[in-house]
Amino acid sequence: MKPTVEPRLPAWWLEQALAGEDNTAAAPPPGGDSTADVAIVGGGYTGLWTALALRERAPELRVTLVEAEICGAGPSGRNGGFIHGYWASLASTLPLLGRDEAVRLAVAAQRIVPGVRAFAEVRGEDVWLREGGMLMVSTAPAQDEAVDAAVEAATAVGHPEEAVALSPEEVARRCSSPVFRRGVLFRDGATVHPGFLVRALRRAALDAGVVVHEQTPALRVRDGEVVTPGGTIRARDVVLATNAALTGWWPAARHLTNFGSYVVLTEPAPDALAATGWTGGEAIVDGRMFLHYFRTTNDGRVLMGSGSGPIGFAGRVDERFSRDSATAGRAEAGLRRMLPGLAGARVERAWGGPIDVSADHLPFFGTRPGTRIHYGAGYSGHGVGPSWLGGQILASLALGSDDEWTRLPLAARRVPSLPPEPFRRLGGGLVRRSIMACESAEEEGRRAPLPARAGAALPRLLGMELGTR
């Protein structure tokens, strides 16, 4: 399906956030060499949460943050705005981490939504936080397994309240769709306005005394220094918080690849939404591997996303990740298939960007051996909430702390590696096409061709994860 509108940046979220600001001037670049205790590269959620955590724990620290564009221009200003932790992915984390660590991670991540809420309340910021939970729905028989697995995993660890099975009728009362078969409700889930949140974090960082330099790319990072066009920042600790851009940095690159993720956004259609019953603010995902994710906004719009975009090669981030009409078309097709009650709602905008996908679909944080360079990446399309955790972990790493944050499996596990290029791109592309062919066939009620089924089975046979779920 060709999209109604071509994808473009900046995202609607960021445009709207900037339109509401009195002063949108970029923080000036460095005027020469400088020193800091901690230098942070990246002005998105991870970098800003890290800066705030550092200043809160050690107010005497001199913290400098550099951002290549403006804060929010990257994934933090264009994502879907889903905030959740790890109860929704417990079925995946249990075999990876074991029962105790998987539950410990999920319990720790329960602090994410309250953390965002407390930040917004203390600052008096309206970030459109809506705590309606998250709903996973099955839209084809093959997706029933994902719903069932989520319910069974929570029950198996003694927390059935975290993944409640919903019958077709119960799903319909929350959001009516002719293709929703049944679902599972995760109470740990919320939505937010990504642009409002990232710009609020920027304001908070500046108020906390963080030195921010925008339109300041990091040309080179070495132990103890960040080189920019305006001068070198020398710092005891360096934090790299650039998400998809870290696929080009060797210590992280072997664990990462990039996928494109795209969304479409409708015009306001509150009456059509009311007719579907979708008024509780639930964030919704389907049971596909290359999932659809969709949510409502405070002004009655619907955002529909598709994580089925192109796969990266050797860490390159190019226009395929922001101008891929085919993926925007798949997002719009998902909107029309799953929510036919919004057929009269015009699609106003479409945009996309790269997401950094780790080999096991969990983010990872660490320190490059022999240095004081700390880094985090691999959110795999689910970074709005876990970036809050990431800020706590990276702050602890920079402070040299051995604490609850650095002991989380996100910082303490052995991260699996992906195959080297060009096998990563070629193999990943083959499997991506196979999975997409299988999922399309399943939704159309037919059996996928044997070659597609064989290709789709490869990741599980090799013990790897692929896709966005």
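Student: Which residue in β14 is the bridge partner of Val285?

Tutor: Tyr293. A word on the source: this is a predicted model, where local features need pLDDT of at least 70, side-chain atom pairs count only at pLDDT 80 or more, and totals for chains, interfaces and linings use all residues. Residues are numbered from 1 along each chain as its sequence is written, and side-chain values use heavy atoms, with hydrogens and water left out.

Student: How do you know that β13 and β14 pair?

Tutor: Count the bridges. Two strands pair if DSSP finds at least two bridges between them, and β13 (residues 283-286) has 2 to β14. That meets the cut-off, so they are paired. They run antiparallel, and a hairpin of 5 residues links them.

Student: Why is β14 called mostly covered?

Tutor: Buried means under 20% relative accessible area, exposed over 50%, and partly exposed in between, using a 1.4 Å probe and protein chains only. In β14 (residues 292-296), 5 of its 5 residues are buried. His292, Phe294 and Thr296 point one way, Tyr293 and Arg295 the other, and all are buried.

Student: What makes β5 and β16 edge strands?

Tutor: The open sheet of 8 strands runs β5-β6-β4-β13-β14-β15-β12-β16, with mixed pairing. β5 (164-166) and β16 (347-358) each have a single partner strand, so one side of each is left without a neighbour in the sheet. On average, neighbouring strands are turned by 20 degrees against each other, direction ignored.

Student: Which strands does helix α1 touch?

Tutor: Helix α1 (residues 12-19) packs on the sheet against β12, β14, β15 and β16. Touching here is contact, meaning heavy atoms within 4.5 Å. The direction of α1 makes about 110 degrees with that of β16.

Student: Why is α3 called oblique to α4?

Tutor: The axes of α3 (residues 90-97) and α4 (residues 99-109) cross at roughly 135 degrees and come within 7 Å. Axes are lines fitted to C-alpha atoms, for helices over the stretch in contact, and angles run from 0 to 180 degrees between N-to-C directions. Under 35 degrees is roughly parallel, over 145 roughly antiparallel, 65 to 115 roughly perpendicular, and the rest oblique. The angle falls in the rest, so α3 is oblique to α4. Leu90, Thr93, Leu94 and Leu97 of α3 make the contact with Arg99, Glu101, Ala102 and Leu105 of α4.

Student: What makes α2 oblique to α12?

Tutor: Try the cut-offs again. α2 (residues 45-57) and α12 cross at roughly 50 degrees, with axes that come within 7 Å. That value also lands among the rest, so α2 counts as oblique to α12. Trp49 of α2 and Trp388 of α12 are among the residues making the contact.

Student: Which hand does the crossing of α5 and α8 have?

Tutor: Left. A crossing is left-handed if the near helix is turned anticlockwise from the far one by less than a right angle, and right-handed if clockwise. α5 (residues 112-123) and α8 pack at about 60 degrees, with axes 11 Å apart.

Student: Why is Arg199 called buried?

Tutor: Arg199, in helix α8 (residues 194-207), has 2% relative accessibility, so it falls on the buried side of the cut-off.

Student: What does the side chain of Arg199 reach at 2.9 Å?

Tutor: The backbone oxygen of Cys71. A polar contact is a pair of N or O atoms within 3.5 Å; within protein, one must be able to donate a hydrogen and the other to accept it, and residues adjacent in sequence count only if both atoms are side-chain atoms.

Note on methods
Helices (H or I, at least four residues) and strands (E, at least two) are DSSP runs, numbered from the N terminus.
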